[in-house]
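Please consider the following protein chain, with attention to its annotated sites and its charged side chains.

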Amino acid sequence: MGNVFVLDHPLIQHKLTFIRDKNTGTKEFRELVDEVAMLMAFEITRDLPVKEAVIDTPVTSTNTKVLAGKKIGLVPILRAGLGMVDGVRKLIPAAKVGHVGLYRDPETLKPVEYYIKLPSDISERELIVIDPMLATGGSANDAIHSLKKRGAQHIRLMCLVAAPEGVEVIKKEHPDVDIYLAAMDEKLNEEGYIVPGLGDAGDRLFGTK
């Protein structure tokens with residue numbers, strides 16, 4: 001069963017406070033999201049496998065450790081997910097990046113994939129799906145289905161804030177996917193916004209309304 005991890009590191013919680021604040025401007029908001037994404041990546045990658053290596057320090061030869069070659073893939077959900085990618089790549093520069101763009105048909109309410117571009121070897125990669133907000137869970141659910149349909153085997157979901165409703169959708173639809181959050185919020189309101197949330201992450205990242 002997929003686990004839910006709320007990353008309560010003091011630096012993550014401190015920066016998340018300013019991300020939530022409606023008085024935080026676009027530039028600062030973008031920088032804070034980038035920083036929190038990097039801190040979250042540090043926690044998410046805690047269980048990556050390592051292997052022994054022998055190197056020469058300026059003093060002597062020594063046995064040490066390097067990553068055991070587990071390939072990472074980052075898959076932001078367009079557009080808001082883009083705001084978290086660079087922060088993760090600062091820690092994992094070799095990670096390949098794919099993109100998934102989805103919208104919901106207003107008549108059928110079914111997801112429509114308007115853009116998808118993925119690394120050719122996604123079945124071999126540990127994929128981190130990235131979206132700042134997990135509200136109803138619809139977009140993340142559709143994106144994960146799209147990845148699985150194309151052969152993805154190992155998927156984690158990374159979000160800044162989530163509503164319990166969205167978390168339940170992912171747990172039900174994708175019990176094999178671990179969810180990593182900076183905060184679990186109270187609920188969704190009537191308009192589908194997370195409460196207390198942080199507003200519309202895409203608009204605040206890109207200065208649009």
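Ala-201 counts as buried, at 4% relative accessibility, where buried means under 20% relative accessible area, exposed over 50%, and partly exposed in between (1.4 Å probe, protein chains only). The model is predicted: local features need pLDDT of at least 70, side-chain atom pairs count only at pLDDT 80 or more, and totals for chains, interfaces and linings use all residues. Residues are numbered from 1 along each chain as its sequence is written, and side-chain values use heavy atoms, with hydrogens and water left out.

Ala-201 lies in helix α6; helices (H or I, at least four residues) and strands (E, at least two) are DSSP runs, numbered from the N terminus. Not counting residues up to four places away in sequence, Ala-201 touches Phe-29, Ala-80, Pro-132 and Met-133, contact meaning heavy atoms within 4.5 Å.

An unreviewed UniProt entry annotates Ile-194, Gly-199, Asp-200 and Ala-201 as "binding site". The lining of the largest pocket takes in Ile-194, Gly-199, Asp-200 and Ala-201 from this set. UniProt positions are given in the numbering used here, feature names are shortened, and annotations may be inferred rather than shown by experiment. On a 1 Å grid over the protein atoms alone, a pocket is an open set of points, where a 1.4 Å probe fits, with protein on both sides within 12 Å along at least five of seven lines; lining residues have an atom within 4 Å of a point. Gly-199 sits in the loop between β13 (194-195) and α6 and is partly exposed, with a relative accessible area of 32%. Beyond its neighbours up to four places away in sequence, Gly-199 touches Met-133 and Tyr-193.

Arg-79 is in the loop between β4 (72-76) and α3 (82-91) and is partly exposed at a relative accessible area of 34%. The side chain of Arg-79 makes a polar contact with that of Asp-203 (2.8 Å); such a contact is a pair of N or O atoms within 3.5 Å, where within protein one must be able to donate a hydrogen and the other to accept it, and residues adjacent in sequence count only if both atoms are side-chain atoms. Thr-136 belongs to the loop between β9 (133-134) and α4 (138-149). A polar atom of the Thr-136 side chain lies 3.2 Å from the backbone nitrogen of Gly-138.

Helix α6 (residues 201-206) also holds Arg-204. This arginine is buried yet has no salt bridge, the nearest side chain of opposite charge, Asp-21, being 6.2 Å away. A salt bridge requires a side-chain nitrogen of Lys or Arg within 4 Å of a carboxyl oxygen of Asp or Glu; Lys and Arg count as positive and Asp and Glu as negative, while His and the chain ends are not counted. The side chain of Arg-204 instead reaches the backbone oxygen of Asp-21 at 2.7 Å.

Elsewhere, the count comes to 16 salt bridges. One joins the side chains of Glu-35 and Lys-15 (2.8 Å, N to O). That pair links distant parts of the chain, with Glu-35 in helix α2 (residues 26-44) and Lys-15 in helix α1 (residues 10-20), 20 residues apart. Lys-15 is buried, with a relative accessible area of 19%, whereas Glu-35 is partly exposed at 29%.
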